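Here's a quick briefing to read alongside the model. Have the sequence and the 3D view open as you go.

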Amino acid sequence: KSTWYTWLYQINKERVLQEYLGFLDDLNRVAALRYAEGDIELLEKSWFLANLAEVKTSYAVTDNDAAISLNKLKQLIQGPSKIVPADSGLILYQISKSQDRNPVMPSPGSRLQMENLQLQLDGYFMQVGYFESAGLDHAQLIMKINRAKYEAEEIDYLEYTKSLAEAFQIRMAYFETLNNYNQTALQLEHYAY
């Protein structure tokens with residue numbers, strides 16, 4: 001289960017990075033033209049190119065990580081050579097309280113470990129709640145408003161690029177938090193249920 005949810009996380013992270021790269025590739029052409037015309041300085045162009053390289057590297061690493069997770073999944077299930085999720089959306093894992101397990105009184109150390117896992121889970125749940133109630137909407141608003149401002153030439157491409165980075169960082173943090181929640185829920189399920 002852990003490998004499956006890790007793979008879904010990496011697929012979603014890859015999609016967000018791919019979308020981000022689409023925006024940056026468009027802005028890269030603008031930056032090259034603006035630099036050639038003398039509208040921007042070398043430092044601004046350099047900052048943008050470094051940011052673009054960082055996102056491209058992150059995408060390549062995430063692509064490799066997704067391939068590794070897929071290979072681990074294939075190894076675990078010893079199934080078909082091609083695995084495609086029916087739905088690659090990442091959602092909160094629902095802990096299954098198995099009725100088949102023999103109730104064993106956990107040691108004090110195990111109880112504390114389970115309590116810590118539950119506290120971590122609660123914290124991640126609150127963070128996911130923030131993203132779903134406000135954070136993701138804020139990211140969309142940042143992108144929408146700043147795109148309109150950029151097209152109306154109210155902000156320059158560098159300011160627009162920085163606002164895109166903020167919006168995509170929010171989206172990436174959401175998926176990372178979902179993954180942390182799911183991995184913690186799976187650990188708690190293993191120890192407690």
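Where is the kink in α3 centred? Look at F131: α3 kinks there by about 50°, the bend at a residue being the angle between axes fitted to the seven residues ending there and the seven starting there. The model is predicted, so local features need pLDDT of at least 70 and side-chain atom pairs count only at pLDDT 80 or more, while totals for chains, interfaces and linings use all residues. Residues are numbered from 1 along each chain as its sequence is written, and side-chain values use heavy atoms, with hydrogens and water left out.

- Helices here are DSSP runs (H or I, at least four residues), numbered from the N terminus.
- Helix α3 covers residues 108-151, and its 44 residues should span 64 Å at 1.5 Å a residue, which agrees with the 61 Å between its end C-alpha atoms; the expected span is 1.5 Å times one less than the number of residues.
- The buried residues of α3 include M114, L121, F131, G135 and Y150, where buried means under 20% relative accessible area, exposed over 50% and partly exposed in between (1.4 Å probe, protein chains only).
- Those buried α3 residues pack against α1 (2-36) and α4 (157-192).
- After α3 comes E153, with a positive phi near 60°.
- The N-terminal end of α4 is capped by D156, which has a side-chain oxygen 3.2 Å from the backbone nitrogen of L158.

**Core and contacts**

- The largest nonpolar core has 50 residues, and Y157 and L164 touch the most other members; such a core is a set of buried Ala, Val, Leu, Ile, Met, Phe, Trp, Tyr and Cys residues joined through side-chain atoms within 4.5 Å.
- Each of α1, α2, α3 and α4 supplies at least two residues of this core, and α4 gives the largest share, with 16 residues.
- Beyond its neighbours within four places in sequence, Y157 is in contact with residues including L27, V30, I40, F48 and Y150, contact meaning heavy atoms within 4.5 Å.
- Over in helix α2 (residues 42-77) sits T62, buried at a relative accessible area of 3%.
- Leaving aside neighbours within four places in sequence, T62 is in contact with Q10, K13, E14 and L17.

**Salt bridges**

- Side chains of opposite charge can pair when their charged atoms come close.
- The count is 5 salt bridges, each a side-chain nitrogen of Lys or Arg within 4 Å of a carboxyl oxygen of Asp or Glu.
- E189 pairs with K1, with the closest N and O atoms 3.2 Å apart; this links distant parts of the chain, with E189 in helix α4 and K1 in the segment before α1, 188 residues apart.
- E189 is buried, at a relative accessible area of 10%, whereas K1 is exposed at 57%.
- R171 forms a salt bridge with E19, where the closest N and O atoms are 3.0 Å apart; R171 is in helix α4 and E19 in helix α1, 152 residues apart.
- R171 is buried, with a relative accessible area of 16%, and E19 is partly exposed at 33%.
- R29 and D26 form a salt bridge with the closest N and O atoms 2.4 Å apart; the two are 3 residues apart in helix α1, so about one helical turn separates them.

How values were computed:
A polar contact is a pair of N or O atoms within 3.5 Å; within protein, one must be able to donate a hydrogen and the other to accept it, and residues adjacent in sequence count only if both atoms are side-chain atoms.
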